[in-house]
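Work through the exercises below with the structure open beside you. Try each task before you read its solution.

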Amino acid sequence: MRLIRLMARRPRPAALLAAGLATALLGTVGVLGTDAPAAPAPPASGATLTLPGDDNADGRIDEDESGWSCRTMGNRLCGGDVPPECERAGDAVQLCATVAARAPYGWTNADGSTVDVPDGRAMIRDLDETPGTAPWADALAALDAEYREHAPRA
């Protein structure tokens with residue numbers, strides 16, 4: 001019974017301070033006592049760091065080198081993943097590929113009139129703006145917003 005009363009009692013400030021100091025001391029010893037791996041030394045003056053897959057040894061892996069992964073590097077789209085309508089998309093290639101992949105859809109307005117929208121590739125081909133420009137990217141964003149507003153929910 002006495003043990004239960006001792007456990008139910010609130011800890012004294014001195015005990016809390018001692019426990020906090022002990023934790024801080026152990027944490028400091030743990031951090032300072034471990035050997036951290038050294039950072040790699042920079043290459044000698046004029047030399048470049050050779051990376052696996054860096055075929056031309058220029059210190060970086062470019063898109064046409066064996067170490068390039070189109071799934072994780074760059075725009076994350078690989079060869080056949082980029083529809084022809086998006087080849088000159090520039091920075092908007094991800095959004096372009098998303099819009100291009102959409103099937104036709106439609107909706108009915110409040111007045112009973114219907115709107116039918118063609119598939120994404122047709123919509124991209126119908127844009128008047130020049131691919132890869134800011135107005136073209138804005139037009140893609142508008143197509144995407146319209147789809148998100150009106151497309152049927154699954």
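**Exercise 1. The disulfide**

*Solution.* A disulfide here is a pair of cysteine sulfur atoms within 2.5 Å. Cys-86 sits in the loop between α2 (13-33) and α3, and Cys-96 lies in helix α3, ten residues apart. Step 3: take the handedness. The torsion about the S-S bond of Cys-86 and Cys-96 is about -85°, so this disulfide is left-handed. Step 4: count. The structure holds one disulfide.

A note on the source: this is a predicted model, where local features need pLDDT of at least 70 and side-chain atom pairs count only at pLDDT 80 or more, while totals for chains, interfaces and linings use all residues. Residues are numbered from 1 along each chain as its sequence is written, and side-chain values use heavy atoms, with hydrogens and water left out.

**Exercise 2. Buried or exposed?**

Decide whether Cys-86 and Cys-96 are buried or exposed.

*Solution.* Step 1: recall the cut-offs. Buried means under 20% relative accessible area, exposed over 50%, and partly exposed in between (1.4 Å probe, protein chains only). Step 2: apply them. Cys-86 has a relative accessible area of 1%, so it is buried. Cys-96 has 0%, so it is buried too. Step 3: look at the whole chain. Of its 154 residues, 20% count as buried.

**Exercise 3. The elements**

How many helices and strands does the chain have, and in which order do they run?

*Solution.* Step 1: helices (H or I, at least four residues) and strands (E, at least two) are DSSP runs, numbered from the N terminus. Step 2: the chain has five helices and two strands. Step 3: from the N terminus on, the order is α-α-α-β-β-α-α.

**Exercise 4. Helix α5**

Check the span of α5, then find its buried face.

*Solution.* Step 1: the expected span is 1.5 Å times one less than the number of residues. Step 2: α5 (residues 134-150) has 17 residues, so it should span 24 Å; its end C-alpha atoms are 24 Å apart, which agrees. Step 3: list its buried residues. They are Trp-136, Ala-139, Leu-140, Leu-143 and Asp-144. Step 4: look down the axis of α5. Its buried residues fall within an arc of 140°, so they line one face of the helix. The arc is that of the directions from the helix axis to the C-beta atoms. Step 5: turn to the face away from the buried side. There α5 carries the exposed residues Ala-134, Asp-138, Arg-148 and Glu-149. Step 6: find the cover. It includes α3 (93-100), β1 (105-108) and α4 (120-125).

**Exercise 5. The core**

Which residues have the most contacts inside the largest nonpolar core?

*Solution.* Step 1: a nonpolar core is a set of buried Ala, Val, Leu, Ile, Met, Phe, Trp, Tyr and Cys residues joined through side-chain atoms within 4.5 Å. Step 2: the largest has 18 residues, and those with the most contacts inside it are Cys-86, Cys-96, Ile-124, Trp-136 and Leu-140. Step 3: α3, β1, α4 and α5 each supply at least two residues of this core. Step 4: zoom in on Leu-140. Leaving aside neighbours within four places in sequence, Leu-140 is in contact (heavy atoms within 4.5 Å) with Ala-92, Leu-95, Cys-96, Val-99, Ile-124 and Leu-127.
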